[in-house]
Amino acid sequence: MDAFVYTGLPAHVVFGSGTVEKIGEELEALGINKALVLSTPPQAKQAQAIVDRLGDKAAGLFSNATMHTPTHITEQALAEFNRLGADGVVSIGGGSTIGLGKAIALRNDTPQLVLPTTYAGSEMTAIIGQTEDGLKTTQTTLKVLPETVIYDVDFTMTLPPVMSVTSGMNAIAHAVEAMYSAKANPVLSLMAEEAVAAMMRALPKITADASDRDARSDALYGAWLCAVCLGSGGVALHHKLCHVLGGTFNLPHAETHTIVLSHALGYNAPAVPETMARLARATGSDDPAGALYDVAKAGGAPMALKDIGMPEDGIEKAVEIAFKNPYFNPRPLEEAGIRAIIQAAWAGDRPS
Ligand code: NAD
């Protein structure tokens, strides 16, 4: 066996259907007596139900969480936290709401309990991205790692099917790259394979019937494991390309990951036979990159960067930026190969 380093992050996870019922005892275990409940505006009703459930253990509701964690929203939430005498936060939602809870914890070290409702995975990472004056900066600190995560399948039932697929593919990308990044190790690879298998089992079923509770359960279980991969693992070409493309052309996050993943994997495939063997088992296909593409397409996800806002003359610009700031990738970066995968992702071709 090759040498490796493994770093696990502390996590307390409660998983299942109806697990929100444990929220009172979980808050007590964290020593939280007055929780500020956080959500985005569309999820305010769901969050209010938690406030009602908590009774006098809730300090109140702040339902203005916003994508990319703008600092002026964090200041408003923090003022509310202090005004209401809160001593902890409960974040109900996806990465945007969890990001707000993390931003509060970054400033006052308050404990966080999270109820994730998407598959994005922020709840298992010590990473926080914040936006100030249009500029997004990211930092990693254990201060922002949520103490307790209640994965309640019931909270994911309303996630629209196409969003479930793009959110799920975004999660799978974390697991795929964790298997071949510079931080790869056998424990993460075990989780990553299981994560991809669970998610790939679930997504076609959710596409066929969004109310399939068993499939939703598999997807959330897969999302948790993918999130652990993101929190403890590393990334490579796929994430670098998505960062370049998303940042340069202002493309939507999960959709960009969904489109690029199969192409980046196709490029790296010859250099990572062990990962490809795991992915073949996980996808049930001897062409895992093609299988990922097919599941995303069948789920109605956009499959071409040109359809989500990238101009054709951006292809050369993206190739150029992808070569700036060297980073780890299992297969050396070759200009013609990188151009070919960006071109294919732009056009929406099936990976060859
Ligand atoms: P999101 O949290 O922005 O949610 C998108 C929309 O879907 C929101 O309006 C939300 O209210 C709604 N929604 C969420 N769950 C729903 C449900 N079950 N039913 C109906 N509607 C629902 O989206 P996201 O993809 O979860 O998060 C994206 C953000 O998270 C980005 O800013 C990304 O950078 C960040 N992120 C951070 C990390 C990290 O480790 N720091 C990891 C992953 C993502």
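Modeller: Gladly! Let me begin with the largest cavity: α8, α9 (253-268) and α13 (335-347) each supply at least two residues of its lining. Please keep in mind that this is a predicted model.

Colleague: Which helix gives the most to the lining of the largest cavity?

Modeller: That is α13, with three residues. The lining as a whole consists of L241, L245, V260, H263, I341, I342 and A345.

Colleague: What makes a space a cavity and not a pocket?

Modeller: In a cavity a 1.4 Å probe fits but cannot get out, whereas a pocket is an open set. A search of the whole structure finds one cavity of 30 Å³ or more, and about 30 Å³ of space lies in the largest cavity.

Colleague: How do the residues of the lining of the largest cavity divide by class?

Modeller: Six are nonpolar, one is polar and none is charged.

Colleague: Which residues make the contact?

Modeller: A173, H174 and E177 come from α5, and L237, H238 and H239 from α8. By class, this contact has two nonpolar, three polar and one charged residues.

Colleague: Now the loops. Why does T69 count as buried?

Modeller: Buried means under 20% relative accessible area, and T69 has 6%, so T69 counts as buried. T69 sits in the loop between β3 (58-62) and α3 (71-83).

Colleague: And D109, how do you know that this residue is partly exposed?

Modeller: The relative accessible area of D109 is 49%. Exposed would need over 50% and buried under 20%, so D109 falls in between. D109 belongs to the loop between α4 (95-108) and β5 (112-116).

Colleague: What makes the phi values of T69 and D109 worth a look?

Modeller: Most residues other than glycine have a negative phi. Phi of T69, however, is near 45°, and D109 has a positive phi of about 60°.

Note on methods. Residues are numbered from 1 along each chain as its sequence is written. This is a predicted model: local features need pLDDT of at least 70, side-chain atom pairs count only at pLDDT 80 or more; totals for chains, interfaces and linings use all residues. Side-chain values use heavy atoms; hydrogens and water are left out. Contact means heavy atoms within 4.5 Å. Helices (H or I, at least four residues) and strands (E, at least two) are DSSP runs, numbered from the N terminus. Ala, Val, Leu, Ile, Met, Phe, Trp, Tyr, Cys and Pro count as nonpolar, Asp, Glu, Lys and Arg as charged, and the others, Gly among them, as polar. On a 1 Å grid over the protein atoms alone, a cavity is a set of points where a 1.4 Å probe fits but cannot get out, and a pocket is an open set with protein on both sides within 12 Å along at least five of seven lines; lining residues have an atom within 4 Å of a point. Grid points are joined across faces, edges and corners, and a volume is the space filled by probe spheres set on the points. Buried means under 20% relative accessible area, exposed over 50%, partly exposed in between (1.4 Å probe, protein chains only).
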